[in-house]
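Subject: Handover of a structural model

Dear colleague,

Please find below the structure that I am handing over to you.

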Amino acid sequence: MAVDSQLSSPLPPPPSDKDAKALRFIEEVTTNTDAVQQRVLAEILSRNANTEYVNRFRLNGATDRDTYKSKIPVVTYEDLQPDIQRIANGDRSPIFSSTPISEFLTSSGTSAGERKLMPTIQEEMERRQLLYSLLMPIMNLYVPGLDKGKGLYFLFVKAETKTPGGLVARPVLTSYYKSDIFKTRPYDPFNDYTSPNEAVLCADSFQSMYTQMLCGLLMREQVLRVGAVFASGLLRAIRFLQLNWKQLAHDISTGTLNPKITDPCLRECIVSKYLTNPNPEVAEFISKECSTEEWEGIITRIWPNTKYLDVIVTGAMAQYIPTLEFYSGGLPMACTMYASSECYFGVNLKPMCKPSEVTYTIMPNMGYFEFLPHDTSSPPVLSRDSPPRLVDLADVEVGKEYELVITTYAGLRRYRVGDVLEVTGFHNAAPQFRFVRRKNVLLSIDADKTDEAELQKAVENASSLLRELNTSVVEYTSYADTKTIPGHYVIYWELLVKDEAANSPPPAEILNQCCLAIEESLNSVYRQGRVADNSIGPLEIRVVKNGTFEELMDYAISRGASINQYKAPRCVNFTPIVELLDSRVASVHFSPSKPHWTPERRR
């Protein structure tokens, strides 16, 4: 077992007996990581010994790790898609799981460019709830008094669909919010939300957002934490407040509800429980704060007792950190857990750390986890004849990057999730990981290949040129424009000018330099294509009007994306989306010169 000096410190003493039980569980499973993993794999295989998928590879009832690895291949979604489609079409035979498939969980509509269907079983809901139950005991170690107030969380569901065979298909969080575990949860002062269930469960995104914001404003002094699933979701809520504060203040002042709230259950709930009396004092305060159009620190001005933001700001979400800091006055940002539609993986044992220091401890009871060493210079060749050597959870090495491969109770067997993780240390015998990126190439014109992490870093470097102008990049995406000869990268930027008095965009010269700064930050293959091979044209930045990426999100939601899981795509190639972006372009800028490149810098 590759445990070295990179061990995390023990958890602090728990503040209550209830928390102590949860923390003891964490200590037990992380101390016995390898034994727990062997038990989990044996349970999964013994339960599903007679399923079609494992019999296809002649596992013959074996439950040991060596036999499993020697016979079951490592697969991607494309490998499983024919069997998944059979289930979607109504085949109820035990293909992946001996337990009946209860529904499909859909991946984010913008992840990897396609909407994937993940079969799941009912008991997975309880397993996910177990991970949720660990979050507040961990947080209570670092932030006292969270039982003395409420959480303002912007949570949303998406209208579910059905497969041809009649199974429900919906995002994992929609499944959770619509479950009895969530809807009939007992009162818990540590998980007391301002938003009623009726608001969370309203499928109309405007009505849901409006009433959740309304309740949050009415209980503004009770709010101790503000959150959403992704950082982009919280910024969307702030934008919503900017656009709708007058109507919200009117409702609070008069004790009446916006006629646009037409959902009968939601309207009855808000009117009977939250707008029972006019509250002109709160309405006047909101109007005073919002009418100035000074939005810096608005979160702590409206909700003065907020201790932290509860949002995911790792991976692609890291680019929102400066904007969140602007709106929150520098509040801590807590990333509490690591999860996906395929499986819930682990928790952050130090949730109040800096965003750049976030690591997740994998909980070995959640599934069986393997790790494919990730070497960008020599990617693994996966074939049935020469299966890759995967590393077990307890045997990963600090400092190395791996692609996550999972085996789940719901039926996935050695499935490549597509996430690349870096091992940062261990908590007891359980490794801790930093989320690096999704394993996908975003942009390519010729021999160049630019991934999400590289583009993110390049945009960060270039946006630093805007700081002296009190301007930041609020949102961005990219496009490989091959209509020109040679082709070139196009970066769409939406900017936030923080000095409302000046309210003027950066000079064209500065934005041209931003183009060059992005190019200087990209890999040597790209720069060789620009300088020596002339196979790539000058990089272009298209600055779009404010609100463009909100329109992009609305478009994605209209096509079936989940508002709860939505992430702005870091690369676009779908013609209607490119046309939408181009229709909102305010100015166009090109790199004024070629980036630096010499043969010695080739990789």
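The radius of gyration used here is taken over C-alpha atoms, and the rule for a globule is 2.2 Å times the number of residues to the power 0.38. For the 603 residues of this chain, a compact globule would have a radius of gyration near 25 Å; the chain has 25 Å, so the two agree. Please note that this is a predicted model.

Overall form

Along the principal axes, the C-alpha atoms fill a box of roughly 70 × 65 × 50 Å. The secondary structure consists of 20 helices and 22 strands. Of the 603 residues, 56% count as buried. Among contacts with a separation of 6 or more, 70% are made by residues 24 or more positions apart. The accessible surface of the chain is about 25000 Å², and carbon and sulfur atoms contribute 50% of that surface.

Charges and salt bridges

The chain carries 64 positive and 73 negative side chains, and the centres of these two sets are 3 Å apart. Across the whole structure, a search finds 34 salt bridges. Several of them are described here.

Asp-83 takes part in two of the pairs that I wish to point out. In the pair with Arg-56, the closest N and O atoms are 2.8 Å apart. In the pair with Arg-86, the closest N and O atoms are 3.1 Å apart. Here both Arg-86 and Asp-83 lie in helix H5, three residues apart, which is about one turn of the helix.

Arg-236 counts as buried at 14% relative accessibility, whereas Glu-550 is partly exposed, with a relative accessible area of 22%.

There is also a network of salt bridges, in which Asp-34, Arg-65, Lys-69, Glu-370, Asp-392 and Arg-414 are linked.

The loop between H3 and H4

Two residues of this loop deserve mention. Arg-58 is located in the loop between H3 and H4. Although Arg-58 is not a glycine, its phi is positive, at about 55°. Arg-58 counts as exposed, with 59% relative accessibility. Gly-61 is found in the loop between H3 and helix H4 (65-71) as well, and Gly-61 is partly exposed, with a relative accessible area of 45%. Between the C-alpha atoms of Gly-61 and Leu-146, which are 85 residues apart along the chain, the separation is 49 Å.

Other individual residues

Asn-470 is a residue other than glycine with a positive phi, near 55°. Its place is the loop between helix H16 (452-463) and strand E19 (471-481). Asn-470 is partly exposed, with a relative accessible area of 36%.

Which residues does Asn-365 touch, not counting those up to four places away in sequence? They are Phe-25, Val-29, Val-36, Val-40, Arg-127, Leu-130 and Tyr-409. Asn-365 lies in the loop between strand E11 (360-362) and strand E12 (368-373), and at 9% relative accessibility Asn-365 counts as buried.

Finally, Arg-416 is in strand E15 (residues 415-427). Arg-416 counts as buried, with a relative accessibility of 14%. Arg-416 and Lys-457 are 41 residues apart in sequence, and their C-alpha atoms are 25 Å apart in space.

With kind regards

Terms used:
Residues numbered from 1 in each chain as written. Predicted model: local features only at pLDDT ≥ 70, side-chain atom pairs only at ≥ 80, totals over all residues. Heavy atoms only, no water. Helix = DSSP H or I, 4+ residues; strand = E, 2+ residues; numbered from the N terminus. Buried < 20%, exposed > 50% of the residue type's maximum accessible area, 1.4 Å probe, protein only. Contact = heavy atoms within 4.5 Å. Areas by Shrake-Rupley, 256 points an atom, 1.4 Å probe, with all protein chains shown as cover. Lys, Arg positive; Asp, Glu negative; His and termini not counted. Charge placed at Lys NZ, Arg CZ, Asp CG, Glu CD. Salt bridge = Lys/Arg side-chain N within 4 Å of Asp/Glu carboxyl O.
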